[in-house]
Amino acid sequence: MHGGLAQQVVEQAFNALFNGSVWALIAVGYSMVYGVLKLINFAHGEVFMVGAFVGYLAVVELHWPWMAGLGLAMVACPLLALLIERAAYRPLRAAPRLAALITAIGVSLLLQNLAIRIFSAEPKGYPRLLSDSALRLVIIGTAIACTVALHEVVHRTQVGTAIRAVSHDREAAALMGINVNRIVAIAFVLGSAAAGVAGVLYGMYYNVEPLMGFRPGLYAFVAAVLGGIGSVRGAAVGGLALGILLVAASSIAIPLGGEAALELSKYKTTITFLVLTAALLFRPAGLLGRGQVQKL
Amino acid sequence: MSPFSAAPGPGPVAARRRPVGSLSGSPLRWGVLAAVVLVALAADRLASGWLNAYQLHVLCITGIAVIMAASLNLVNGITGQFSLGHAGFMAVGAYAGAALTVKWGQPWAIYLGHGTPQPVAAAASFVLALLVAGLAAAGVGVVVGMPAARLRGDYLAIATLGFGEVVRELLLNAEAVGGRTGFGGIPQSTSLAWVLALAALTIIVLRNILCSTHGRALLAVREDESAAMAQGIDVARYKVGAFAVSAFFAGLAGCLFAHRFCFIHPDNFGALQSIEIVTTVVLGGMGSITGSVAAALVLGPLPEVLKLAADWAERASAATGAGATAGPSALLAAGLELKAHPEYLWIVYSLLLVGMMLLRPQGLMGDREVSLGMLRRLLPRPGGGEVGDGR
């Protein structure tokens, strides 16, 4: 059993990287939207779910190759996100932030239940197109490519400069002639495209079901906060950190005497939210973030 | 909107508001309490004569929904925080109360002596279970409230949502109280009288808090934390206090729930349940206790009413046969659709949430209350008539 220790360590590291990649891909979307709007887009997990279903329909019903399904999800998810932003968030931009948050919860609930109505709550599987390890490699590679690309967009292009300006101070950015509505829309598009990619790949690895967005959405949010919400690099680092943490915690069993042991693998949600609370209390700007003074 | 808009500070407002319709004098208070119990018992008697078991059950569920919505309003509406984990407190109360009754109910009853009549012993045991449930939930409320007091709106929402999920996960792994298989064998101690009495108690206590200095302080925290702090209000303490009181009543509701259904499972208290309670509070108006009560009276029995409608449609279509579509066939089709897809209920909830925020973000009632005071305000008040409260 101990002979394969090195192999086990490699396998677990692979697992951490894989989970972290999925969360990072979703976390990027939370981060982009939070950056420009200071809004937690509760419906982001559901955009991820819709992406998974779009890919599923393309592959299973239309018999497209999975790469094309991925592309379709990358188009469909941004369209959905734009619709949500236009119909549910933009009218409330001047309202108290809680109003937008409640709307976001409502949109999330609506998408979940529409999906249940249309596709039923039964989990559906993609046909097996790639082996598990190949798929995991694809997910890790895609996550790296996407986060690097988004980071470059945000830091090296004119649009990226505008995004950073809006996120720094929306009013000042508007005064400088930046079209804030357009920038907000671009942030939604970029974030939801990443979520769509994550949805298809996650769906190919596990299953597709209407409630699949809830848990990865929460974990990704924790990852975004952990890394420093509002930055692409933070999302990647946070996803990876959370992946490593949970994989490490899962291998720990605290002996309670006799046969009994407290297996931490059963308490992933608890660990995740302890991390979130600790991060919010002690390092609210995230692992990479700089502290900000709360202005009155 | 602000209760301070017409008055210089919380002191005078509190001083002047207190006598208006408040239950001053302790004999009167006990009298009100006794009246509540008597009315609840009488209603229970009458209802059990008129209604069948199912209808009583729906009334009990509605009463529990009232307690949950009104107590969440203390945090979400009056204090202006945003908790998405209220079902977690309910779970704590449900499991604490049920564990007490199931595991230690009998040993404890022995202390009453053998001559005690059975109903009295049962009632005493249930009261103890309710107290333990409420206090356990309040204790957890303090633990959750302390970090929560330092988090801002949307972060608080996620953290409390996480709290609810954590409670669920811990209960799923707690083999001592059934874990994944659920916790059964709970005696059905919750009658309509209990539900009515505790719902009334919840409303009275919350109303008195709202009308007291403490209530004004909570409102001040909601309106402007920094200004409240500058007034000498201990913001963090009031937030934790609001969480604790709100959790106490959620614990009571959980205990009532457990002793009504006789079987509880961690999934009874998930994120969806928390969102359901939030929907009720949002619909009724954040800050309005009567609004929450009214919304709970509508949304509480809604699932059961929809189920009844769906069952009726199924029976009606079976009776008329597949070919003959007599009567309002569109309605019938809607009923059948509902029968096949219970998720429509949640679609309605989500549309309510989004629609309310877009069209009437303050909720049906805003933060106004329906009360005798509302009528009294229309009449000239001796001495203090000019002090409106800006509503």
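**View 1. Polar contacts and a salt bridge between chain A and chain B.** In this predicted model, seven residue pairs, both members at pLDDT 80 or more, are in polar contact between chain A and chain B. The rule also finds one salt bridge across this interface, in which B:Glu165 pairs with A:Arg215, with 2.6 Å between the closest N and O atoms.

**View 2. The side of chain A that touches chain B.** Two or more residues come from each of helix H3 (66–89), helix H4 (97–119), helix H9 (214–227) and helix H11 (268–282) of chain A, and among these contributors H4(A) gives the most, with 15 residues. By residue type, this side of chain A comprises 28 nonpolar, seven polar and six charged residues.

**View 3. Extent of the interface.** The contact draws 41 residues from chain A and 39 residues from chain B, and together the two chains bury about 3,600 Å², of which 74% lies on carbon and sulfur atoms. Of the area that chain A buries against chain B, 18% is supplied by A:Ile102, A:Leu109 and A:Arg117, more than by any other three residues.

**View 4. Packing of helix H7 against helix H8 in chain B.** Helix H7 (residues 192–211) and helix H8 (residues 213–223) of chain B pack with their axes 4 Å apart and at an angle of about 75 degrees, which means that H7(B) is roughly perpendicular to H8(B). From H7(B), B:Ile209, B:Leu210 and B:Cys211 meet B:Thr213, B:His214, B:Gly215, B:Arg216, B:Leu218 and B:Leu219 of H8(B), and the residues of this contact divide into five nonpolar, three polar and one charged.

Notes: Residues numbered from 1 in each chain as written. Chains lettered and ligands numbered in written order. Predicted model: local features only at pLDDT ≥ 70, side-chain atom pairs only at ≥ 80, totals over all residues. Heavy atoms only, no water. Contact = heavy atoms within 4.5 Å. Buried area = accessible area lost by both parts, 1.4 Å probe. Salt bridge = Lys/Arg side-chain N within 4 Å of Asp/Glu carboxyl O. Polar contact = N/O pair within 3.5 Å; in protein donor to acceptor, adjacent residues only side chain to side chain. Nonpolar A, V, L, I, M, F, W, Y, C, P; charged D, E, K, R; others polar. Axes fitted to C-alpha atoms, helices over the stretch in contact; angles between N-to-C directions. Parallel < 35°, antiparallel > 145°, perpendicular 65-115°, else oblique.
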